[in-house]
Structure formats: C-alpha cells, structure tokens
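Subject: Structure for your files

Hello,

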Amino acid sequence: MSSIEEKASKAREKKALYGTDVDLESYESEAKPQSVVEDAEDLPSVVKKAAMDVGVKLDSESSGAYVQMDQTPVVAKSLFEGVEIMDMASALEKYDYLQDYWWKLVAPDADKYTADVAKSPPAGYFIRAKKGMKTVFPVKSCLYLGSTNLNQRVHNIIIAEEGSELHVITGCTTPAHVQRGLHVGVSEFFIQKNAKVSFTMVHSWGKEVEVRPRTGITIAEGGSLSNNYILLRPVKTLQTFPTATLAGRGAVASFNTVIYATMGNIDVGSNVNLNAPDTSAESISRVVCVGGEVIARGRMTGRVPGARAHLECVGLLLSDKGRIYSIPELDGQSRDLDMSHEAAVGRISEEELEYLMSRGLSSEEATSVIVRGFLDVEIKGLPEELKQEIKNITQREDLKGS
Amino acid sequence: MRLLEIEDLSVSIGSKQVLKNFDLRINRGETHALFGPNGTGKTTLLNVIAGIPRYTIDGGSIVFKGEDITHMSMDERARLGIGMAFQRPPAIRGLRLKDLIKIINPDADAPAILKKMDFEAFGDRDVNRGFSGGEVKRSEMVQLLAQQPDLVMLDEPDSGVDLENIKLIGEAINQLTQKDQRPSLRTKSGIIITHFGHILDYMKADRAHVMLGGAIVCSGNPTEILEQIKKSGYEGCVGCLCPA
C-alpha cells in the first residue's frame, strides 16, 4: 500500500475541522460511466445548458475545455498550444513527475473527505500552462453531477509554469432532477515563478446537495493568484477553506467571494500564509443572506517582515431566518507587518433605499438594485470577457433581494 | 392652476416640532426659492413633500395635482411627478450612473443628458461614489433630467459647486422648470433652497419665501428679498410686513 493510501485509510472517520459532518456511507460511490465526446459541442444539451448557467460557455473563445460528468471525464481538450489539458488519470500515466505534485498541497489524511478521494480512482483535470505562454481566453471547465445520490470525487492539478499566464473558469453544477448528491473536489495549484493565474469558480447546486472542496495553492517568487468564488444558488451544506501559501518573494494572492444565500449551511473562507518577504494578500467577501447560515472566514498569517494582508468581510442580512457569522483572523508572527481587516454585518441602508425610491423605484426594486450592486465585486486581473460572464451571473434578473 | 397646496402642515421629528402650521401654494409654471438660516425647516419641508418616512405628520395636508399625498409612499409620489435633488445623497455601490438613468426612465437619452451636464466621464462610475461635492450636484441634476418631474425640488444645488458648474446647473434647472418656454406654456414647477442665492444669477425664480422657526415669515420678489437679507440679515425679515 502506498503511503497516500495508508494515510487515507487511517483518516476514514476523521471529521473536518469546519462545517457540518457528512455521512459518506449514505452516498453511492460507484458511478455509471458516461460516454466520452470528441468535442464540447457534442455534449448532451442538458449539460451544455447547465454549464451555461454557471457562466461556462464552451465555445471557441476558450483556451481549452474540460468537462466531467459524474466520474467520467467526457471532454479534455486544449485549443491553445500554450496550455495542456488532460484528465487526471491519463496525466498521471503519462508524466511520472506528477508524483511530485500529487497530494503535496492537500493532505490525503486532512479529513474523511480527502481520504475518500485518495482511495478512489483519480478523476479530475490536469491543466498545465507552459513556460512563458500567456493565454488570453480562459480554460473552461465544468464538473457536472448528474446522478442522484452519487458521491462525486474530483482531484485536480493546475501547474502554471514560470512566466505563464493562465485563466480558468470552472462551473460546478447539478441539474434540477438530481435530488441529492455529494461533491468532493481536491485541487492543488502550483503557481511557479512570475506566473499569473486567475481562477474563478461558480457553484450552482441543488437543495439537497452537499459540497466539500479542498484546495491547496502555492505561489512562488513574483507569482500571482486572483481567486474568485461565486455561489448564488441554494445548497444544503458547503464547506471550503482554500489555503494559499505565498512561498516566494513578492508573491501576491487575492481572494474574492460572492455569496447569495437562501438556505443551508455555508461555511467558506480563505486562508493565506505569507511566508516570504514583500508578499501581499487580500481577501474580500460579500455575503447576502436571506435565509440559512453563512460563516465567512478569513485567516491571514504573516511570518516575515514586510508582508501585507487585508481582509474584508461584509454581509447584508435581509431576513430574521438567516445568520451571517463573520470570522476574520489575523495572525502576525513577525515585526514590520501590515495586516488589517474590516468586517460588517448589517441591513440595507435606509438612506440608499429612500434615495432610489425618490426616483420612482418601488421598495422591492430598490432593494434588488442595491443587492445586485453589493454583489458586483470588482474583480481585478480578469480578461474582459470573463468579467462580462461573471457580471451576467450576478446581474440576473431573478436575483431578487427578498 | 395649482400644482402643490400645503395647508396647515405640522411636522415633527421625535419630540421636536420642525414645521408649524405651514402653508404654501405653488402654481403650475412657477418656481419658488426658499431662504432661511440653518435648522429652520427648509430641508424638512422638501423631505416631507418627497415623502421620506422618518417624519411624523402631526396635522395638515399636502395636495399635489389635486390629490392628497400626505400619507402616500415615496415611490408613488415620484411616479406622480415629484422629483428631488438631495443636498447630500448617498453613494450606491455597484450601480452605474448610466444604468440608474435607464432605471429611472427607460426612454431617457442617457448620453445626451450626461453630455449636457458635462458628466460623460461619470456614466460608468457608481452613483455618487467618490464624487466631489460639486460632482454630486451634477449627478443629481443628471438624474432629474432623466426623471423629468412636474415638481422639481432642489436642496442647495449650488453648495460646493464652482462658478462654471453653477451656470450649468442653473441652465438645467431652467430647462426642468421650462423657463425656456413662454410663461403661458409652462406646466412644471420648482422649489429651490439656496443659502447665498448665487444660483439665482443663472436661473429664474418667480417668488421667494423666508422661513424662520418652521414657518414662512415673508414672501415676495426673489431679488428684493435677497437684497433685504443681504442688507439686514434674516432678523430683518421678522418684522417684515411683506404678504406671506
């Protein structure tokens, strides 16, 4: 037994530090194989539509595509010579060197979810931006959970080689007919020297779906990450706390989180270790809650002089049925740090509401306009078309504030 | 013909009475200026006409276009034709000015309105966010030009504005109150609060009132009243026998 499997076996029952506990036994671990298609165009229309709903338009304006239905990678295709895209099992077979990346940023025994993924046959994407190659269009990926009661397990690796530029947009979604399901996604991102990565993840799940992403990121000297997470649809439980380590001088990470909660238990945040000089990190989360519980975490740990970190958690609580629990944490472990946070939880300002009503908007219309504006986070470092796609999601007419 | 008729209106905030047995009548096509020291109820009057809910109406009525609007909601009043340029409006994060123009009036020619106020560069900015004092005033005028209300209320549209832009704002007010048309053709009216009256060099007001202690103490020709105030202060208005 490999040491990964050994560790995983020992962690089978290990509960996660955060989030509600999921009964893994209550989900099916065997998935029916799906048919592989030559091109994203050939996907079943229900999948294409679901992908569109999470902002993933699988068209020619992409640097490549990866689509996974349940446990089957059905499309893995690069459309730009600077980017390699493969399904994880094939990549592990092709490249021995991947063993140096496999389970290096997320521990197989971190909790029962990572352990479960470690014991399963690998499925997920491998995306490699080649040295010095800059993509303009994003790589688009869709993880589609299409069978009721399935435990979908995904393990992804992204390597942005020295001086490369990579944009990825991932939509994780389930169609309306899926009553119940579990999605566990392990992701390990390696951002090498002077590489620039933007990673945008949009989630759209069902009311009985549980979600446990596990993400580890390392950023080398001069590298940067812009990580965006958007959740606007109901989910039963979701817990994620991606950890980024700024390992080289001048590395930069920025996390943006946008959540519109109507129900469920949503425990999200980001954790950044500033381990090298001149590194900086920023984490901004905006939460609108009309129901359910949202725990918005942010943790920054400064370990060397000169590191700069800023946390911002702002929440609009619009109902008595909801809860927003904001937990910003700053851990300074060196001199000459510049670390700050601001957190606020409140209601929509009466003054803003009255202002818009004085222009003829009804109270409902004014609320909706203010909420949409609140969620419209300015996300830096994204290509224009990706910005537009995200804007389209956050500006949807059906996103009402009540 | 009467557009606005306020009769015996008494208003308080908390336990403090701000307007006392207040009367005001504005005909269609007329623009009235309101003068008076700080804290005398001018802004309260405009807010109460606009329908901002944090005031208590203790008595009296507000009739607009023949309809009693004393207890009508703000948005209904706006749709009925009441518009207001706020003295210190809030910023709205994530709402672009040009998008607000379209929300206020889908038929509005946003580029033309922005151009008129020399405000094209602000169309893509969030409403009032990071605007200077003078820019806020132009943002308010842009929104009113989109709204085209029948009664335009302006709460110190000239404060914090440089001379060049006072002229621009004055012209916009004249347009909103149809001062470019013959008096007999005018149907729109205005109420303007101004401290120093600079704006009156660039726009036309038909009548002026001096407010003290929550009531009008003097009414008359705007230029004459302004001269009187400049000469002997608001105190001079107390003993004034001008017809109120």
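Two residues are taken to be in contact if their C-beta atoms, placed from the backbone, lie within 7 Å. This is a predicted model, in which local features need pLDDT of at least 70 and side-chain atom pairs count only at pLDDT 80 or more, while totals for chains, interfaces and linings use all residues. Residues are numbered from 1 along each chain as its sequence is written, and chains are lettered from A and ligands numbered from 1 in the order in which they are written.

Domains. Chain A is split into domain 1 (1-218), domain 2 (241-347) and domain 3 (348-386); the bounds come from an automatic or database domain assignment. The C-alpha centres of the two domains are 24 Å apart.

Chain contact. Chain B gives 18 residues to the contact and chain A gives 17. On the chain B side, α2 (74-80), α3 (97-104) and α5 (133-147) each supply at least two residues. Helices (H or I, at least four residues) and strands (E, at least two) are DSSP runs, numbered from the N terminus. The largest share, four residues, comes from α2(B). The chain B side has twelve nonpolar, three polar and three charged residues.

Loop residue. Pro183(B) is in the loop between α6 (163-176) and β8 (189-193) of chain B. Pro183(B) counts as exposed because it has 10 C-beta neighbours inside 10 Å (buried means 20 or more other C-beta atoms within 10 Å of its own, exposed 12 or fewer, partly exposed in between, with C-beta atoms placed from the backbone).

Regards

Note on methods: Nonpolar A, V, L, I, M, F, W, Y, C, P; charged D, E, K, R; others polar.
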